Amino acid sequence: RSAKQAQIESDKQQKRADSSLSVAEQVLDQMYFYEGKFGLTLKDAGEFFEPVYRYGFINRKGETVIPFVFEQATPFSLEDGFARVSWKQQKYLLDTTGQIYRLAESLAELQADTEALDLQENPVASLPKSLAEFKNLKVLLLGVKKSIFEPAGQRQKPKLKSFPEAITQLPRLKFLDLRHQGISSLPESIGRLDKLKVLLLADNKIASLPTGFGQLASLEVLTLEKNALTVLPAELTQLDQLRHLNLSTNKLNSLPERIGELSQLQSLNLMINQLSELPESIGKLRQLARLGLSHNRLQSLPESIAQIQSLEQLVLSYNQLDRLPKSIKMLVQLKELFLDDNQFESLPPDIGQLNQLLILSANNNQLTSLPNSLNQLRQLEELYLVGNQLTELPPLITQLSQLRRLFLSSNAIKSLPEDWGSLDRLEGLFLASNQIESLPQSFFQLRQLELLNLEDNQIRQLADKFTAFDKLRYLNLNRNQLTSLPPSIGKMKQVRELYLRSNQLASLPSSLGQLKELKDLGLESNQLREIPEALCQIPNLRVALGVYELENLDYTMDFSDTGNSILKGNPIEQLPNCYLDKHGQQQLVEFANYCIDAEHFAVGVQTLQNLKTRFPEGFAQAKEGFYEKLAVVLTYAEPSESLEKLKQLLTD
């Protein structure tokens, strides 16, 4: 007996430990981690009976990565990568290595031992020459902060307009941020900053770089996106410590032939330029992990690109490519490949050799088929093939056992493979705007499915097995040929969004009331004459009386706060009273007006009776206005029993 009690107690302790671990994991999931590694936390660092709370940083395992020594602290900023901290009542900048820099936040606060000057919150139009006297400065944050939340008419913040010469006389400078200024040129003397590691010059008006740039021997990070560069000096290739280079959104039409000499480069962003070709030397960038080339004019890639064995992400979208080099199969470390909006009629036959690929995106091309080797991509998690010319889905695609998201909308697919059993991790399936008429039996084995879009197809019936999708949260069946829903639909307990617009539904099953998580229900443009009382049992369902203001609904997302206006395109004769009871006096008045205008006279009578019963004074005040509107309608509307009842109600 004692052994049994001990086992019971042990089980209880294990459950408590599991529960505590679960709570801790939930807390960690909700925390903000900079670069996924640094989460700001607070703990008691005091001794004995005296609590002393200090800030520090932990990783996702809960391990301390920067000690708990700071009296005040902010999270690491996405803008500049620093945290603001205080230690011994002094302000500092903190970097992710744990290094601190004594901080001034205005020119007036500068002292001989100041190591960092942050004027992002207090921008200036010029810097004094005396700045050069503060030889200990290592960090200069002068970039004007930009926010999408600032009113459009807000007073323009001061900008430097030109590069302050005094900066070039700071021999210890390591980090310089001059983003969002009006700078159009850089001085030759910038080369003096041979300790500089990070230089941020995004969103300026720089049209060319001085040859002195090549003297920035310590530079590791250089951002020049959103400038006016048309050409790069050959001296740029002397920056042999450079790890991250961002040149996106310029006007570059070529790259230096010797760009391959940037041997330490790990990321190179050349998106949104005017490049029509790449130099062969790009293959020498043997450390490169991320290469962005989208929105250029590339018609081909050099074979040498396959020599970048370290490449993990290759973005080629929005170019004029119709093929990839045969050697592309050698990029065996590639995890993400983006080919969207090009002119591909087929994918490389050996694409299956990219067996580390996690994401393959080839939206909006001219693909008519898929290569047989595709099923070798056993690590693939996301596959995007929207807007192509696929007429069938080959069975090989169902062998991608790690697939979580599959996007096949806007093709010409008529039928689906018979065997879907291997896709047991699939969470999102998007098949909108095809020609699918029915779903195979194995389709219902996709038990992990949370998002399913079958909009704009030719589906006439849903099998009872459809309710096997017990994890489904989003289901879009707009614009099909459905005449009924399975009575068991109420078993899909997790559904939050259900869209059934533009079908041929004549009735709804009462089991809809069991969908307690449902918030959005789209029913417009069907053949519904009545709505089941069960809809009122759904606590969070957004219910809207009236009609959408937009005639042409955007069905692409359906994340709407407008609820469902079920009279739109339905011959509704009666609404459940509980449906009307959810609305206040003003909404009922507006809805009654709409019913009279739209000639939904039976529902108009019901609405006015509800208004009269619940808000008699409101009914009396609005009655004359209703009658005047009705008098106009009587001049052209066909006589009917419901119209006569409406007239009688308003004349009593």
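1. The buried residues of helix α3 pack against α2 (577-581), α4 (601-614), α5 and α6 (641-651), where contact means heavy atoms within 4.5 Å. Those buried residues are Leu 588, Val 589, Phe 591, Ala 592, Tyr 594, Cys 595 and Ile 596; buried means under 20% relative accessible area, exposed over 50%, and partly exposed in between, with a 1.4 Å probe and protein chains only. Helices (H or I, at least four residues) and strands (E, at least two) are DSSP runs, numbered from the N terminus.

2. This is a predicted model, in which local features need pLDDT of at least 70 and side-chain atom pairs count only at pLDDT 80 or more, while totals for chains, interfaces and linings use all residues. Residues are numbered from 1 along each chain as its sequence is written, and side-chain values use heavy atoms, with hydrogens and water left out.

3. Helix α3 (residues 585-597) has 13 residues and reaches 19 Å from its first C-alpha to its last, close to the 18 Å expected at 1.5 Å a residue; the expected span is 1.5 Å times one less than the number of residues. After α3 comes Glu 599, whose phi is positive, near 65°.

4. Helix α4, with 14 residues, reaches 20 Å from its first C-alpha to its last, close to the 20 Å expected at 1.5 Å a residue. Its buried residues include Phe 601, Val 603, Val 605, Leu 608 and Leu 611, and the buried residues of α4 pack against α2, α3, α5 and α6.

5. Ala 620 is found in helix α5 (residues 616-633), and it counts as exposed because its relative accessibility is 54%. Ala 620 and Leu 650 are 30 residues apart in sequence and 9.7 Å apart in space, C-alpha to C-alpha.

6. Elsewhere in the chain, four strands form an open sheet in the order β1-β2-β3-β4, with antiparallel pairing. The edge strands, each pairing on one side only, are β1 (33-34) and β4 (64-70). Two strands are taken to pair if DSSP finds at least two bridges between them.

7. Strands β1 and β2 (residues 38-44) pair in the antiparallel sense over two bridges, and Tyr 34 stands opposite Phe 38 in β2. The hairpin of β1 and β2 has three residues between the strands, and in it Glu 35 takes a positive phi near 55°. Strand β2 also pairs with β3 (residues 53-58), in the antiparallel sense and over six bridges; the bridge partner of Leu 42 in β3 is Tyr 55.

8. Rings of Phe, Tyr and Trp (its six-membered ring) pair if their centres lie within 6.5 Å, with planes under 30 degrees apart counted as stacked, over 60 as edge-to-face and the rest as tilted. The count comes to 16 aromatic pairs. One of them, Phe 57 with Phe 76, is tilted, at 4.8 Å centre to centre and 45° between the planes. This pair links distant parts of the chain, 19 residues apart, with Phe 57 in strand β3 and Phe 76 in the loop between β5 (72-73) and β6 (83-87); both Phe 57 and Phe 76 are buried.

9. The rings of Phe 82 and Tyr 101 have their centres 6.3 Å apart and their planes at 90°, so the pair is edge-to-face. Phe 82 lies in the loop between β5 and β6, and Tyr 101 in strand β8 (residues 100-104); both residues are buried.
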